[in-house]
Amino acid sequence: MAKLLELDEDCLVNQFNSNAPTFARFNHSPPCPRPDLVLGIKPHADFPALTVLLMDKDVVGLQYLRDGTWYNVPAVCDHTLLINIGLTMEVTISEPPIMTNGIFMGPMRRVVTNANKERISMAMFYGVDPMQEIGPIAHLLSEEQPAQLIQENEGQGLVSVAP
């Protein structure tokens, strides 16, 4: 990501330290006789900086939202890791914005149930030190790309980015 943004190689990595919270979540979705009525995990974007997901190799269930349409993330071979960036890499609730200034966006995703098979996955969430001040990377700010702030839609949580 740093190379794509034309930043020093360690620029993003240096935002993390040994006090950053890291936690795991194991997900088990049993077969559901009415998958058309039950959503496994509601639509969301993760707040931690990175999520590393060990996907189920046999059962499709993870979907991502793009341009108003939900797409399946295909089931793949053993030991495949899917890496998502979180809202911390995108922007923050308060000033100043965080890290990529809205250039990289945390994807909206959800999990759907399956009528015939159980689905198992494991996610590792990597945050940043809550005591460390993190701001936008100066190289990413310009008149054409001013600092971004997150907008809160009443009752619906964090939903969009605006200058």
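1. Phe-23 stands opposite Phe-125 in strand E8. Strands E1 and E8 pair in the antiparallel sense over 8 bridges; strands count as paired if DSSP finds at least two bridges between them. Strands here are DSSP runs of E with at least two residues, numbered from the N terminus. The model is a predicted one, in which local features need pLDDT of at least 70 and side-chain atom pairs count only at pLDDT 80 or more, while totals for chains, interfaces and linings use all residues. Residues are numbered from 1 along each chain as its sequence is written, and side-chain values use heavy atoms, with hydrogens and water left out.

2. How many aromatic pairs are there? The count comes to 2 aromatic pairs, where rings of Phe, Tyr and Trp (its six-membered ring) pair if their centres lie within 6.5 Å, and planes under 30 degrees apart count as stacked, over 60 as edge-to-face and the rest as tilted. The rings of Phe-23 and Phe-125 are stacked, because their centres are 4.8 Å apart and their planes stand at 25°. This pair links distant parts of the chain, Phe-23 being in strand E1 (residues 22–29) and Phe-125 in strand E8 (residues 119–126), 102 residues apart.

3. Buried means under 20% relative accessible area, exposed over 50%, and partly exposed in between (1.4 Å probe, protein chains only).

4. Strands E1 and E8 belong to an open sheet of 4 strands, in the order E1-E8-E3-E6, with antiparallel pairing. Its edge strands are E1 and E6, each pairing on one side only. Neighbouring strands of this sheet are turned by 20° against each other on average, direction ignored; axes are lines fitted to C-alpha atoms, and angles run from 0 to 180 degrees between N-to-C directions.

5. Another open sheet has 4 strands in the order E2-E7-E4-E5, again with antiparallel pairing. Strands E2 (39–44) and E5 (69–72) stand at its edges with a single partner strand each, so one side of each has no neighbour in the sheet. The twist averages 25° from one strand to the next. E2 pairs with strand E7 (residues 109–112) in the antiparallel sense over 3 bridges, and the bridge partner of Leu-39 in E7 is Val-112.

6. The structure holds 3 salt bridges, each a side-chain nitrogen of Lys or Arg within 4 Å of a carboxyl oxygen of Asp or Glu. In one of them, the closest N and O atoms of Asp-46 and Arg-109 are 2.1 Å apart. Asp-46 lies in the loop between E2 and strand E3 (50–54) and Arg-109 in strand E7, so this pair ties together parts 63 residues apart in sequence. Both Asp-46 and Arg-109 are buried.

7. Arg-34 and Asp-36 meet in a salt bridge at 2.8 Å, N to O. Arg-34 is partly exposed at 43% relative accessibility, and Asp-36 is exposed at 56%. Asp-58 forms a salt bridge with Lys-57, with the closest N and O atoms 3.4 Å apart. Here Asp-58 is partly exposed at 48%, and Lys-57 is partly exposed at 40%.

8. Leu-54, Leu-81 and Ile-83 form a nonpolar surface patch with about 270 Å² of accessible area together. Patches are made of residues with over 30% relative accessible area and no salt bridge, with like charges joined within 9 Å and nonpolar side chains (Val, Leu, Ile, Met, Phe, Trp, Tyr) within 5 Å. Accessible areas come from the Shrake-Rupley method with a 1.4 Å probe. Ile-83 lies in strand E6 (residues 81–85) and is exposed at 52% relative accessibility.
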